[in-house]
Each structure stands twice: as structure tokens, then as C-alpha cells.
Amino acid sequence: MKSALVTGGAGFIGSHLVDRLLSEGWRVTVVDNFDPFYDPGSKRRNIAPHLEYSNYTLVEADIRDMETLRQRLSGEYDVIVHLAAKAGVRPSIRDPIGYQEVNVRGTQNLLELAREWGVKQFVFASSSSVYGVNPNVPWREDDCVLMPISPYAATKVAGELLGHVYSYLYGIRFIALRLFTVYGLRQRPDLAIHKFARKMLKGEPIPIYGDGSTRRDYTYIDDIIQGVRAAMECNSISYEVINLGNNRTVSLLEMVRALEEVLDIKAQLDFQPAQPGDVVQTWADVTKAERLLKYRPKVGFKDGLALFVQWLIDHVRFNTA
Ligand SMILES: NC(=O)c1ccc[n+]([C@@H]2O[C@H](COP(=O)([O-])OP(=O)(O)OC[C@H]3O[C@@H](n4cnc5c(N)ncnc54)[C@H](O)[C@@H]3O)[C@@H](O)[C@H]2O)c1
């Protein structure tokens, strides 16, 4: 039985990955501290089905706490998938030190443990935000990422750089996956699609930062998981940075129109000034992912949106949310 350590395995992307690994018969250990950035109760719900599996272990711990990690983790892993992080661009401007501690120091802790334990494969969740305001779209992995515009983005660049050090010095195969705005069932509630859909269902106005022309390359969770799984198996490389996107961009107003269609609700738009740290557009070139991981995103935006909205309606009690 293959064994994986998944940090952040109670969160949105992590819980989907754990679903997949358990269904494939992996031994899975999750480290998560149920950070209160958003309702920890929803993370408890994410992991509830996992607790039924005897090959699943939950370690409630903080990735900043090296001693606890050393004491409570066996170290016997074929691969570490490091997803735990303080996520989100705007909150990182309010708490840059907190982001640095979790995303940089926490990542280095995991890399140190990988070295101590002799783990040979390390997959790291990086972000499209590392590209900053690069106007040359679609973005390619060899574009410059030395000009991030938010503390969050800078911590993700730092994670990629640390990964290179450990790959070079200790032969750990390190793959940084630059994820482009992930959406789908259990999506983080701070992300626009989830936030807007809830507000529309409650009849509340939705905040549009800027004029609505900002564009995002929205990527459905199942496609992301396909890419993460392939990265876990990719042993022909020593260090790679790979975009996982959908290779299509959708403007903020187009996204709202699509939500209106799926929800059959007219949105009330509350235009607000553009937010510092937000990039104008994201757009992934996925040629490298296709070549190295056989990655091919399959879920179209409207189909993915319909799946998300169905989940939201089925699973969320709006009076308590
Ligand atoms: N969702 C996206 O669109 C997106 C895009 C780019 C990159 N990413 C990255 O993917 C990863 C997963 O994102 P997500 O959207 O699933 O976020 P999430 O917040 O749902 O999941 C992150 C998990 O990490 C845990 N965590 C946070 N701090 C921790 C700490 N100090 N110790 C242990 N656990 C901790 C949280 O409790 C949470 O369960 C993150 O690294 C994020 O930066 C996400």
C-alpha cells in the first residue's frame, strides 16, 4: 500500500485529494490545524467520510510546530503533498507576517522533515499569483516571477525556491504546481464564485471590485486533482514548476452572468474600488502540464459552475452560514 502525507488535507483541495487517494487504496496521513480563516466546521464536514477508513490518520497539528510534527508523524511516506497554507491574496496584506510564518517557515519545516525521513517525492501547491502583473498571456512557467504584488504571492515564490534547494542538495523530486483559481464542490467560501453564489441566494448585493473586467482562469477541482495525482507519480524529473489551469479566461462580469444563469437569479452589483494585490488577469499555458503530466482539463466553466451550485444548494444551510 502506498503512503502519502497530505498537509492541509481537511481543506477544499486537500479533502478532494484525500477522497481520491482513499478510493485508490492509499494509506493517507493528514496534517491540518483547522485554521479558523474560514469555518473549521466545514473542514470537519470535509473529513467526516475519511474518518471511516482504517488507512486514514488525522494529525491535528500546526506545520509551524516542528517538534510536534516530528513526534506525531511516522515519516514513512512515499510522497508528501504540501497543501497547507494561509491562502488568499487580500488577507495576506493584512497579515503578512502570519502568511510568512505558515507559508514559508511551514514549507521549510516540511522540506526538512522530507530530508530527515528520506522522502523522495514532494508536491507543493504554488499559485498563479506568482506571475504578478505579467501582461504576456497566457503565462508560461519560464516567465519571470520575481515581481509578485502581494505577500501571499511572495510566500509562494519562496516555497518554490526552497523546493529547488532541497531538490538540488538532497535529491528530493520537487514539483511546484501553480494552481489557477480552483472552484467546485466545497470551494473555499472566501473565493468569489462561492461568496457571490451565497449572497445571490440570500438576495444580497455582490461586491464587484473594479469595473468587472478582471479575468481569471477558473479551473475545476476534478481537473486539479487529476494534475496533482499525476505529479505524485512523476518520477522522471528532479525539479519542475508546472501550471495547472484551464487555459480559458473568464471576466468577473462574465462569471456573474454565468452564475445568474445557473442560479436563475438576477445579481445586484455593488461596484467598489479595485483591491490592492489583485492581478488584472490570470491565464495559464498548460502545454508543460500536458507534456509532463498528460494533464488535460475536461470540465467547461458552465458545467463546473452548475455542479458547484447544486452542491451549495444541497449542503449549505443559509440561515447559519
Ligand atoms: N483554491 C485555489 O484557488 C488555490 C489557488 C492557488 C493555490 N492554492 C493553494 O492550494 C492549497 C490549498 O488551498 P485550498 O483552497 O484548499 O485552501 P484551504 O484553506 O481550504 O486549505 C488549506 C488547509 O490548510 C490548513 N492550514 C492552514 N494553516 C495551517 C497550519 N499552520 N498548519 C496546518 N494546517 C494548516 C487549513 O486548516 C486548511 O484546511 C494552498 O496552499 C493554497 O495556497 C489554492
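A: Helix 1 gives the most to the shell around the ligand, with 3 residues. Keep in mind that this is a predicted model. Helix 1 covers residues 12–23, and strand 2 (27–32), helix 5 (96–117) and strand 5 (121–127) likewise each supply at least two residues of that shell. In total, 29 residues surround the ligand. If you want to find the closest ones, look for Gly8, Gly11, Phe12, Ala85 and Ala125.

Now for the wider setting. The UniProt record, an unreviewed entry, puts a domain called "NAD-dependent epimerase/dehydratase" at residues 4–245. Over that stretch the chain is 40% helix and 20% strand, with its end C-alpha atoms 24 Å apart.

Phe301, Gly304, Leu305, Phe308, Val309 and Leu312 are its buried residues. They sit on the same side of helix 11, because they cover an arc of only 135 degrees around the axis. Turn to the other side of helix 11 and you'll find Asp303, Gln310, Ile313 and Asp314 exposed. So what lies over the buried residues of helix 11? The cover includes strand 7 (182–183), helix 7 (192–202), strand 10 (219–220), strand 12 (250–251) and helix 9 (252–263).

Key:
Residues are numbered from 1 along each chain as its sequence is written. This is a predicted model: local features need pLDDT of at least 70, side-chain atom pairs count only at pLDDT 80 or more; totals for chains, interfaces and linings use all residues. UniProt positions are given in the numbering used here, feature names are shortened, and annotations may be inferred rather than shown by experiment. Helices (H or I, at least four residues) and strands (E, at least two) are DSSP runs, numbered from the N terminus. A residue is buried if 20 or more other C-beta atoms lie within 10 Å of its own, exposed if 12 or fewer, and partly exposed in between; C-beta atoms are placed from the backbone. The arc is that of the directions from the helix axis to the C-beta atoms. Two residues are in contact if their C-beta atoms, placed from the backbone, lie within 7 Å. A residue is near a molecule or strand if its C-beta atom, placed from the backbone, lies within 6 Å of it.
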